[in-house]
Amino acid sequence: MRTYAAAPADAVLARLLEEPSLARGVVHHALLPARDADTVPLPAWVDPRIRGALAQQGIAALYTHQAEALAAVRSGRDVCVVTPTASGKSLCYELPVLQALAEDPSARALWLFPTKALGQDQVAAFRALAAAAGLAVSTATYDGDTPAPIRSSIREAGQVVVTNPDMLHAAILPHHTKWFQLFEQVQVIVVDELHLYRGLFGSHVGNVLRRLLRICRHYGSNPVIVTCSATIANPGELATRLTGRAPLVVDRNGAPAGERHVLFVDPPVIDAPSGARGSALTLAQRWALPFLRAGRQTIVFGRSRTGVELILTGLREALREHGGPRARVRGYRGGYLPTERRAIEEGLRSGDILGVVSTNALELGVDIGRLDVAVLAGYPGSIAATWQQIGRAGRRQDASVAVLVASSAPVDQYVVHHPEFLLDRPPEEARVDPDNLHVLLAHLKAAAFELPFTPGEVFGPGPADDLLAFLGEDGHVHAGDDGRWYWASPDNFPASSISLRTAAEENVVIIDTTPDRPNVIGELDLFSAQTQVHEGAIYLHESAQFHVDRLDWDARKAYVRRVDVDHYTQAELAVTLKPLDVFAQAEVPGGQRRHGEVMVASRATIYKKLKFVTNENLGWGKIHLPELELQTTAYWATLGGAAAGWRRADLDVALAGTGRALQTVASVLLMVDPRDLGLVAQVRSPHAQAPTIYLYEAVPGGVGLAERLWERHAELVGGAAELVAACDCDSGCPSCTGPRPPGGDAEVNAKSLVLRLLAALGAAEPGDARDGAAAARRRAGGAATAVRVTVPVAP
């Protein structure tokens, strides 16, 4: 279809579904009905000037969730607002902050956003609202790009300070005496995009918030905390773990929504024996193109920067035909200059830009107007992120379209062939563990630097005296004559040694030697560096390719130069694992399930050169790096007496395939990146003396994922059986059981062996497993999403 005639999104979709080459790939087509707004009048206490400003923006009443949140904040209650994209969450904190400033100009507010772009976007929106109300409010962004002269004025006179956790951690809290006016008068603290603060990052941020609230208490303030989140399974628990305070959860959405079509699309199998499928990037481009030609504003999400550039190039080339709107399709990702990103955002709001291809940088709440179509080139990794991206389209009352195009990755295949997983079940949990000892001790040092600790003072799960005594043995703190603990280390800035977003204490700095004056272009933690910047690696940065000429491991420096090649590199790790302690164990039908503490040793061994698009192996090389050790937590399943009936060759294949399937489903259940969970399969575990599959947390000390897997063992093995059984392959493939072990027999039916092993570990028959998992979710109180209509798809 190469028409450039304007047409509604649903009309374009109807024509696409008549095209056999596209319709054949539609696995499921759901129609989510429209929803009317549920509103209440503005509260009587709202300042008339603010009422007038809202009226100028077309707001004459509040959605019910906004009214509930505002009433709670007004009464001094913490709130956690959990509603979909474009439901007006921002007003839940903008309005009470503006009202507080209207009543008392000396009031202060601190807003935390995970990215600079989102913070700047909210500053612009709040300034516009304040200006419309005729209120002179000093609102400013304090981040790494803020010039030094402006920083001092923000510290002295900023009424609303907008920053990110990293700046709060390293640039504000250690210098709190310069910010006394903020901390004495702060009335509201906002933590937006709460669902992003999970895993290691969230565990660090939880401790940053502990330090923040400790300093607020020191200056005599007790601010209300407003958190905003995409829909997740445990928002109240997450907010409590991060802030240490239980909020009122506001999750009854009163915002309207138009009718939405949601399509699940699977690329065709192009090689039946191997199970290889067509490119998700190419198919996503094919789905997006007709909507752009029909004048529908469209966003395409890619999983990586490289993927974004490939899709963007393909769309522009296709639109070149017949003078299409090629220049009105732009890319958006990290690496673009801030001025470029702002121009693209404004172009989308005004309609000058028709289409955008983005990484998850536009998944967050940056205002980009009201789009018609969202195409997802690959499953984003979690239910919450998927609905965030789908929610970028359909902000009007008109019909919208969302297309999820699966890649050949096991997680994608599971989701696209189980649409009920996305449409019917509640979103995943977001897990954090601020009490992780590695993380807690690091922030205890920073907190002691900021303020002395009094005897019995609580920091984290309880009084900090014992931990402070431990730090005192190493000379970091000392007990004064008054009984308080004081910072004593020659390290005058402990926060600078803590990275909120990486696991290793040390990072490898990446230095580009291409220009005359070498410059630093990035850094990686040690665990990532051994596989991404080893000598000979191709390191990708902002879609540019760099060859790693030298890695000085001892100095933690990687020297790279710019290249233009047709391949990338992929390193392999040799991993060994040794259990140290068992925290809990239980019997399963064919063995045992356990979770506990483990020591993981990893060493990068070889790397492969893989051609872009085709993944053809162009060669390999050896990696010479020392072994790294990681003490963490793990979940493991052990095959008991049933192991006696297995041939060794079959068991090798079954363990590898089952481990891959369990890792895939675990990442889906727990809302984590698959790389957050490492996999080790042992034919004869030295600990259990039996075949064992370990899933370990790739974070020192763990953040609670292993315990949740142990608790959800039945769902885990049931989901893995569903994943493998539902795959279209005959005997196992990369989309379900993963690559075969080296030297494995190509004639072995990996699929049947994996299903046999999963059944031994307690998985029901695939159909029963699905029903059992659904029943378990109902017993757990999981809420279903809105009623939907299933639209028949072509056979």
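**Cysteines, helix packing and aromatic pairs**

A: In this predicted model, Cys92 is buried, with a relative accessible area of 0%. Its sulfur lies 6.1 Å from the closest cysteine sulfur, that of Cys228, which is too far for a bond. The count of disulfides comes to zero. Cys80 is likewise in no disulfide, the nearest cysteine sulfur, again that of Cys228, being 7.7 Å away. Cys80 counts as buried at 0% relative accessibility.

Helix 5 spans residues 91-103, and helix 3 (residues 48-56) packs against helix 5 at an angle of about 145°, with the axes 10 Å apart. The crossing of these two helices is right-handed. On the helix 3 side, Arg49, Ile50 and Leu54 meet Leu91, Leu95, Leu98, Gln99 and Ala102 of helix 5. The residues of this contact comprise six nonpolar, one polar and one charged.

Aromatic residues form a further theme. Tyr93, Trp111, Phe113 and Phe126 make up one aromatic cluster. Over the whole structure, 11 aromatic pairs are found. One of them, Phe183 with Tyr219, is stacked, at 6.0 Å centre to centre and 20° between the planes. Phe183 belongs to helix 9 (residues 180-185) and Tyr219 to the loop between helix 10 (199-218) and strand 9 (224-229), so the pair ties together parts 36 residues apart in sequence. Phe183 and Tyr219 are both buried. The pair of Trp636 and Tyr694 is tilted, because the ring centres are 5.4 Å apart and the planes stand at 40°. Trp636 in strand 29 (residues 628-639) and Tyr694 in strand 31 (residues 692-697) are 58 residues apart, and their pair links distant parts of the chain.

Terms used
Residues are numbered from 1 along each chain as its sequence is written. This is a predicted model: local features need pLDDT of at least 70, side-chain atom pairs count only at pLDDT 80 or more; totals for chains, interfaces and linings use all residues. Side-chain values use heavy atoms; hydrogens and water are left out. A disulfide is a pair of cysteine sulfur atoms within 2.5 Å. Buried means under 20% relative accessible area, exposed over 50%, partly exposed in between (1.4 Å probe, protein chains only). Axes are lines fitted to C-alpha atoms, for helices over the stretch in contact, and angles run from 0 to 180 degrees between N-to-C directions. Helices (H or I, at least four residues) and strands (E, at least two) are DSSP runs, numbered from the N terminus. A crossing is left-handed if the near helix is turned anticlockwise from the far one by less than a right angle, and right-handed if clockwise. Contact means heavy atoms within 4.5 Å. Ala, Val, Leu, Ile, Met, Phe, Trp, Tyr, Cys and Pro count as nonpolar, Asp, Glu, Lys and Arg as charged, and the others, Gly among them, as polar. Rings of Phe, Tyr and Trp (its six-membered ring) pair if their centres lie within 6.5 Å; planes under 30 degrees apart count as stacked, over 60 as edge-to-face and the rest as tilted.
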